[in-house]
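Thanks for passing this one along for a look. Here are my notes, in the order I would go through them on screen.

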Amino acid sequence: MLTVVGGRLEDGEFLDEGAARELAEEVGIHISPDRLRFCQLLHFHAADGERVIGAAFTVREWEDTLYNREPGTHSELVWVDPAAPPPDCHPFTHAVLTHFATGRLYANVIAPELLGGEAG
């Protein structure tokens with residue numbers, strides 16, 4: 001499934017610090033948190049009952065070369081049109097991309113399985 005770069009905060013991290021760390025860990029981009037731009041907040045209710053509050057950031061310029069630093073977890077890096085996410089998106093990623101494309105800053109997102117649909 002397609003997912004955005006991300007993860008969970010470590011003890012003592014602020015949202016932008018965690019995002020910068022995840023970029024370094026997953027795709028090799030080393031930037032200071034102040035170069036990130038907030039783009040949205042999502043409250044996701046997963047099919048397993050977990051609730052996640054996710055903050056999404058963008059970065060437009062970096063000096064490092066992108067590469068997959070976690071080949072055991074991720075098969076490849078891809079660029080997609082946020083307005084037309086592929087069908088194999090994780091529901092959270094699908095919401096991040098589509099809301100980013102429309103400029104929506106906040107959304108409550110319920111996993112499709114909870115609505116009687118299929119994940120995707």
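1. First, the ground rules. This is a predicted model, with local features needing pLDDT of at least 70, side-chain atom pairs counting only at pLDDT 80 or more, and totals for chains, interfaces and linings using all residues. Residues are numbered from 1 along each chain as its sequence is written, and side-chain values use heavy atoms, with hydrogens and water left out.

2. Strands β1 (residues 37-45) and β2 (residues 51-58) are antiparallel partners, joined over eight bridges. Strands here are DSSP runs of E, at least two residues long, and helices are runs of H or I, at least four, numbered from the N terminus; two strands pair if DSSP finds at least two bridges between them. Across the pairing, His43 sits opposite Ile53 in β2. Five residues lie between the strands of this hairpin, where Gly49 has a positive phi near 95°.

3. How many aromatic pairs are there by the ring rule? The count is three, taking rings of Phe, Tyr and Trp (its six-membered ring) with centres within 6.5 Å, and calling planes under 30 degrees apart stacked, over 60 edge-to-face and the rest tilted. One of them joins Phe38 and Phe57: the ring centres are 6.0 Å apart and the planes stand at 80°, so this pair is edge-to-face. It connects distant parts of the chain, with Phe38 in strand β1 and Phe57 in strand β2, 19 residues apart. Phe38 is partly exposed at 46% relative accessibility, and Phe57 is partly exposed at 24%; buried means under 20% relative accessible area, exposed over 50%, and partly exposed in between (1.4 Å probe, protein chains only).

4. The rings of Trp62 and Trp79 have centres 6.4 Å apart and planes at 15°, so they are stacked. Trp62 and Trp79 both lie in the loop between β2 and α2 (91-102), so the pair ties together parts that are 17 residues apart in sequence. Trp62 is partly exposed, at 28% relative accessible area, while Trp79 is exposed, at 71%.
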